[in-house]
Amino acid sequence: MSTSPSASALGSIADAALSSADAAPSSLCAREPRVPADRLVAEMVPPPRFDSVRFDTYIPDPNQPSQTEAVHVLDAFAAGLGGAQAAGSGKRGFLGFGKKAAKVAPGPRGVYLDGGYGVGKTHLLASLWHATPAEPSLKAFGTFVELTNLVGALGFQQTVQTLSGHRLLCIDEFELDDPGDTVLVSSLLGRLVEAGVALAATSNTLPGKLGEGRFASVDFLREIQGLSAHFRSLRIDGEDYRHRGLPEAPDPYSDEQVTKAAYATPGASLDDFPHLLDHLARVHPSRYGALTDGITAVCLTDVQPVPDQSTALRLVVLADRLYDREVPVLASGMPFDRLFSEEMLNGGYRKKYFRAISRLTALARDAKDLVGTQETS
């Protein structure tokens with residue numbers, strides 16, 4: 001049974017907070033964003049959290065030599081793309097140099113970063129995007145969900161045409177758990193490889209693959225079928241860097257603390273967690289980024305365990321978008337490591353849930369100053 005304050009009690013808290021604030025916080029539940037197709041294309045760049053990352057800002061764990069090796073391999077990979085010319089139709093060299101690169105060079109045309117959550121795969125993928133010597137308009141970076149939504153918005157042929165002139169396509173969190181979408185994207189990548197586009201990807205573990213550890217390269221290479229020969233797999237060992245040497249995440253706050261912090265923080269949103277989960281079911285996951293436009297902090301009351309798998313997977317996408325945008329999350333109720341049931345954490349989507357816990361914990365740590373600010377104001 002929930003021990004949260006009643007609606008009238010929360011209303012009193014809000015009234016008191018409002019008396020010392022210029023405006024009430026917004027609500028994510030009141031937003032129903034519409035995202036035009038041209039925005040989807042324009043936003044295929046590394047998210048704000050990874051704007052400034054580079055290979056030299058990646059700090060390898062000295063106990064994990066595979067991390068240092070991955071940096072060296074990817075740096076050389078990016079340099080090898082420097083001679084690629086946007087000729088299209090397979091006429092662009094992948095690892096060739098200068099004007100002599102008139103044909104696709106033999107060997108892998110892509111790299112696959114294989115590792116557990118929190119070892120810095122997205123950091124390295126974004127660093128590869130930044131290091132590739134090409135104009136931003138000739139490079140694309142997005143999650144698997146963002147790529148499939150682009151196909152849905154533009155159509156398959158138009159997506160092929162739009163991306164074929166690119167030098168590099170980076171796909172973060174390639175979804176191996178949806179066979180239909182996997183076949184669709186594999187077909188798209190096949191067409192892009194023919195056009196000479198270089199590929200880089202990370203992925204999630206397939207459902208039912210428990211006991212096979214946290215590495216997914218075999219699953220990935222099998223699921224993309226004929227494209228497997230074009231990828232070199234880079235295994236990246238290590239623990240979750242988001243919590244390496246850092247203090248434990250703060251305990252959840254009270255509803256009163258969260259509400260006061262929301263009113264005291266310009267640009268913050270304030271939502272009841274169960275209501276937000278219901279709202280996410282009415283917004284396509286491809287719009288979750290737009291859902292958080294302009295939000296400086298997300299404040300949530302009455303956090304509870306997620307009731308079912310569909311809801312859990314939507315929450316994973318929201319956690320990813322918030323983490324990408326470095327939006328701190330302040331919450332009351334249950335701690336984030338109790339969001340997902342044991343059955344979920346032992347199921348086929350376990351890797352996604354652990355990633356969400358990891359990222360929400362990092363964002364909760366970022367939100368500690370919000371409470372400190374309003375308590376001392």
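Helix 5 passes helix 6 in a right-handed crossing, where right-handed means that the near helix is turned clockwise from the far one by less than a right angle, and left-handed that it is turned anticlockwise. Helices here are DSSP runs (H or I, at least four residues), strands are runs of E (at least two), and both are numbered from the N terminus. This is a predicted model, in which local features need pLDDT of at least 70, side-chain atom pairs count only at pLDDT 80 or more, and totals for chains, interfaces and linings use all residues. Residues are numbered from 1 along each chain as its sequence is written, and side-chain values use heavy atoms, leaving out hydrogens and water.

Let us stay with this pair for a moment. The axes of helix 5 (residues 144–154) and helix 6 (residues 156–164) come within 7 Å and cross at roughly 115°; axes are lines fitted to C-alpha atoms, for helices over the stretch in contact, with angles from 0 to 180 degrees between N-to-C directions.

Next comes the pair of helix 3 (residues 65–80) and helix 4 (residues 121–131), whose axes come within 9 Å and cross at roughly 30°. Helix 3 is therefore roughly parallel to helix 4 (angles under 35 degrees count as roughly parallel, over 145 as roughly antiparallel, 65 to 115 as roughly perpendicular and the rest as oblique). Ala70, Val71, Leu74, Phe77 and Ala78 of helix 3 touch Leu124, Leu128 and Ala131 of helix 4. That contact has eight nonpolar residues, with no polar and no charged ones.

Now turn to helix 12, whose axis comes within 9 Å of that of helix 14 (residues 350–366), crossing at roughly 45°. Helix 12 is therefore oblique to helix 14, and the crossing is left-handed. Their contact has eleven nonpolar, one polar and five charged residues, including Asp320 in helix 12 and Arg355 in helix 14.

A cavity is a set of points on a 1 Å grid over the protein atoms alone where a 1.4 Å probe fits but cannot get out, and lining residues have an atom within 4 Å of a point. Helix 12 gives the largest share of the lining, four residues. The lining has twelve nonpolar residues, no polar and no charged, among them Phe273, Val298 and Leu360.

Note on methods. On a 1 Å grid over the protein atoms alone, a cavity is a set of points where a 1.4 Å probe fits but cannot get out, and a pocket is an open set with protein on both sides within 12 Å along at least five of seven lines; lining residues have an atom within 4 Å of a point. Ala, Val, Leu, Ile, Met, Phe, Trp, Tyr, Cys and Pro count as nonpolar, Asp, Glu, Lys and Arg as charged, and the others, Gly among them, as polar. Contact means heavy atoms within 4.5 Å.
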